[in-house]
Amino acid sequence: MKHIAAYMMLVLGGNATPSADDVTTALAAVGVEADADSLNSLIANMEGKDIEEVLASGKEMLAKFGGGGGGGGGGAAAGGEAAEEEEKEEEEEEEMEAPAVDMFGGDDGGDY
């Protein structure tokens, strides 16, 4: 993955066809050691290919996967129930408290 990332950064930087030495130099600049076998395989696979075409074909392949993404809503329900129970407990505690005085500050029930 590091080789592909460095290769693509070099392409974005203006080097249309980075060599193995270019990628190795870019990786070394940030303290990463290149794996010669993996890098040579990448360079061989990219030889004579346009990066834009490679990315476009990869995007088409990913579109065939589908992916759905329809799930994901189930996890929140458990958290919601816990919050709901906690809220009910607070309401019950508030209802249990009796007022110490009436609305006007007196506790003798006198006339006004």
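## Contacts along the chain

Among contacts in the chain between residues at least 6 apart in sequence, 44% join residues at least 24 apart; a contact here means heavy atoms within 4.5 Å. This is a predicted model, in which local features need pLDDT of at least 70, side-chain atom pairs count only at pLDDT 80 or more, and totals for chains, interfaces and linings use all residues. Residues are numbered from 1 along each chain as its sequence is written, and side-chain values use heavy atoms, with hydrogens and water left out.

## The overall fold

Let's look at the parts list. The chain has 5 helices and 0 strands, and along the sequence its pattern reads α-α-α-α-α. Helices (H or I, at least four residues) and strands (E, at least two) are DSSP runs, numbered from the N terminus.

Of the 112 residues of the chain, 12% count as buried. Buried means under 20% relative accessible area, exposed means over 50%, and partly exposed lies in between, with a 1.4 Å probe and protein chains only.

Helix H1 covers residues 2-12, and its buried residues are His3, Ala6, Tyr7, Leu10 and Val11. Seen down the axis of H1, these buried residues fall within an arc of 140 degrees, so they line one face of the helix. That arc is taken from the directions from the helix axis to the C-beta atoms. On the other side of H1, Met9 and Leu12 are exposed.

What sits over the buried residues of H1? The cover includes H2, H3 and helix H4 (51-63). Just after H1, Gly14 takes a positive phi of about 115 degrees.

His3 lies in helix H1 and is buried, with a relative accessible area of 5%. Leaving aside its neighbours within four places in sequence, His3 is in contact with Val23, Leu27, Ala34, Asp35, Ser38, Leu39 and Leu42.

Ala6 is also found in helix H1, where it is buried with a relative accessible area of 2%. Again leaving aside neighbours within four places in sequence, Ala6 is in contact with Val23 and Leu27. The C-alpha atoms of Ala6 and Thr25 are separated by 9.5 Å, while the two residues are 19 residues apart along the chain.

## Where H1 meets H2

The axes of H1 and H2 come within 9 Å and cross at roughly 105 degrees. Axes are lines fitted to C-alpha atoms, for helices over the stretch in contact, and angles run from 0 to 180 degrees between N-to-C directions. H1 and H2 are therefore roughly perpendicular to each other. Angles under 35 degrees count as roughly parallel, over 145 as roughly antiparallel, 65 to 115 as roughly perpendicular and the rest as oblique.

On the H1 side, the contact is made by Lys2, His3, Ala6, Tyr7 and Leu10, and on the H2 side by Asp22, Val23, Ala26 and Leu27. By class, this contact has 6 nonpolar, 1 polar and 2 charged residues. Ala, Val, Leu, Ile, Met, Phe, Trp, Tyr, Cys and Pro count as nonpolar, Asp, Glu, Lys and Arg as charged, and the others, Gly among them, as polar.

## Where H2 meets H3

Helix H2 (residues 20-29) and helix H3 (residues 36-46) pack with their axes 10 Å apart, at an angle of about 130 degrees. H2 and H3 are therefore oblique to each other.

Which residues meet here? Ala20, Val23 and Thr24 in H2 meet Leu39, Asn40 and Ile43 in H3. By class, the contact of H2 with H3 has 4 nonpolar, 2 polar and no charged residues.
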